[in-house]
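Have the viewer open while you read.

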Amino acid sequence: MPDLQGRHVLLLHHTGLFLYWNFPSIEGGLSDTYRYKEIGAGVQRIIQGVDVELASEYPPFMSAVFYLIYVGSLLGSYSLAWVVFVFLLLALVTLYAVWRLAEADRWLFSLAVIGAVFLLYPMLVFTRYDLVVAALLFLMWRAYERQHYRDSAIFLMLASLVKIVPVIVLPILYVCTPRRQRRQVVQGAILGLAVAVLFTVMIMGVDATVQNYFYMTKYHESRGIGVESTWSGLNMLYDNLRGEKSVMGFHHRAVHNEDASAWAGGVARFSILLGVAV
C-alpha cells in the first residue's frame, strides 16, 4: 500500500476545495462538459437498446468514461460529476507518484496543474478532457525517468486511446529505452491497449465501440485544420509574408483555417504514419 503521508492528504483536500470553489465557472462558463454529457447520454440510449447512432467525435475509450460520469450525474448535475471525476484523476496521479515515483515527482504534477491554472484559467484546465491526456503523459514521462518502462508504455497507450496523437511517441519511447528493457515497452503497450479495449467493450458493447470508431474517423476527416494548429500558424505566416489573409470558417464547433485544410491534413497524416513507422 502507498505510504500516503499527511501532506499528501492535505494536498488532495485543498485540491478538492479548489475544484469546488471553481465550480460556478465550470457550471456556467464556456465548458465542453455539455458535449461530454450528450455523448454519455447517447451511450446510455444504445445500452438501453434504442436504435440510434453514437455520434461521438472522441475515441471509444473516452466515450465510455463520459458515460460513467453521466451515470454518476444522475444523482446531481453533470458538471458536479465532472468535478468529482477530475478530483479522482488528480488523486490517482498522486497515489501512483507516492507508490512508484520519487518525492520530487509527487509535487511536480501539482505544480504543473497550478501553473496551468494561472496561465490558462481554471475553466480551460478543469473542463476539458485534455487534462486526462496531460496526466497520463506526465506519468509516462516520470515513470520512464524512474526506469519503470512497462508502466511508462501503459500510460502512453492509455493516453493514445484518450486522444490519438500521443501514439506517435511510442516508437520514440521504444528507441530511447535501453535495449535490454525494450521488451517491457512492448509488454506495457500491449497491456495498456488490452485494458482500454476490454474496458470500453465491457461498458459500451462491441457494436457501439465500432460505431464510435468509424464516426470519429469520419468526423475528423471532414473537420479540417483548427486555427490554433501549428499547420494553421505556418499557413497564416506564409500568407502574411505574401500580403494575403488566410480564409477562416466556423464549423464543427470551432474556427478552422480553410486554406490550410486543403494541404495540411495530408501532411499531418503522413507525419503521423512516418512517426509510427520509424
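This is a predicted model: local features need pLDDT of at least 70, side-chain atom pairs count only at pLDDT 80 or more; totals for chains, interfaces and linings use all residues.

Residues are numbered from 1 along each chain as its sequence is written, and side-chain values use heavy atoms, with hydrogens and water left out.

**Overall make-up**

The protein has 15 helices and three strands; these are DSSP runs, H or I of at least four residues for helices and E of at least two for strands, numbered from the N terminus. Out of 278 residues, 42% count as buried. Buried here means under 20% relative accessible area, exposed means over 50%, and partly exposed is in between, with a 1.4 Å probe and protein chains only. As for contacts (heavy atoms within 4.5 Å), take those with a separation of 6 or more: residues 24 or more positions apart account for 69% of them.

**Two helix pairs**

Two packed helices are described by the angle between their axes and the distance between the axes. The axes here are lines fitted to C-alpha atoms, for helices over the stretch in contact, and angles run from 0 to 180 degrees between N-to-C directions.

Start with helix 4 (residues 60-73) and helix 5 (residues 78-100), which pack at about 120° with their axes 8 Å apart. That makes helix 4 and helix 5 oblique to each other; under 35 degrees would count as roughly parallel, over 145 as roughly antiparallel, 65 to 115 as roughly perpendicular, and the rest is oblique. On the helix 4 side, the contact is made by Val65, Phe66, Ile69, Tyr70, Gly72 and Ser73, and on the helix 5 side by Tyr78, Ala81, Trp82 and Phe85. By class, that contact of helix 4 with helix 5 has eight nonpolar, two polar and no charged residues. For the classes, Ala, Val, Leu, Ile, Met, Phe, Trp, Tyr, Cys and Pro are nonpolar, Asp, Glu, Lys and Arg are charged, and the others, Gly among them, are polar.

Now for helix 9 and helix 11: their axes come within 7 Å and cross at roughly 40°. Helix 9 and helix 11 are therefore oblique to each other, and helix 9 passes helix 11 in a right-handed crossing. Helix 9 brings residues including Tyr149, Ile154 and Leu161, which meet a set in helix 11 that includes Gln184, Leu191 and Ala196. The residues of the contact of helix 9 with helix 11 split into 11 nonpolar, four polar and one charged.

**Salt bridges**

How many salt bridges does a search of the whole structure find? It finds seven, where a salt bridge is a side-chain nitrogen of Lys or Arg within 4 Å of a carboxyl oxygen of Asp or Glu. Here are some of them.

| Pair | N to O distance |
|---|---|
| Arg128 and Asp32 | 3.4 Å |
| Asp151 and Arg100 | 3.0 Å |
| Arg146 and Asp105 | 2.7 Å |

Arg128 sits in the loop between helix 7 (122-126) and helix 8, and Asp32 in the loop between helix 2 (23-28) and helix 3 (33-47), so the pair ties together parts 96 residues apart in sequence. Arg128 is partly exposed at 24% relative accessibility, and Asp32 is partly exposed at 23%.

Asp151 counts as buried at 16% relative accessibility, whereas Arg100 is partly exposed at 31%.

Val133 lies in helix 8 (residues 130-145) and counts as buried at 8% relative accessibility. Leaving aside neighbours within four places in sequence, Val133 is in contact with Ala159, Val162, Lys163 and Pro166. Val133 and Leu158 are 25 residues apart in sequence and 8.4 Å apart in space, C-alpha to C-alpha.

Thr200 is found in helix 11 (residues 182-204). Is Thr200 buried or exposed? Thr200 counts as buried, at 3% relative accessibility. Not counting residues up to four places away in sequence, Thr200 touches Pro60, Phe61, Ala64, Gly205 and Thr209.

Note on methods
A crossing is left-handed if the near helix is turned anticlockwise from the far one by less than a right angle, and right-handed if clockwise.
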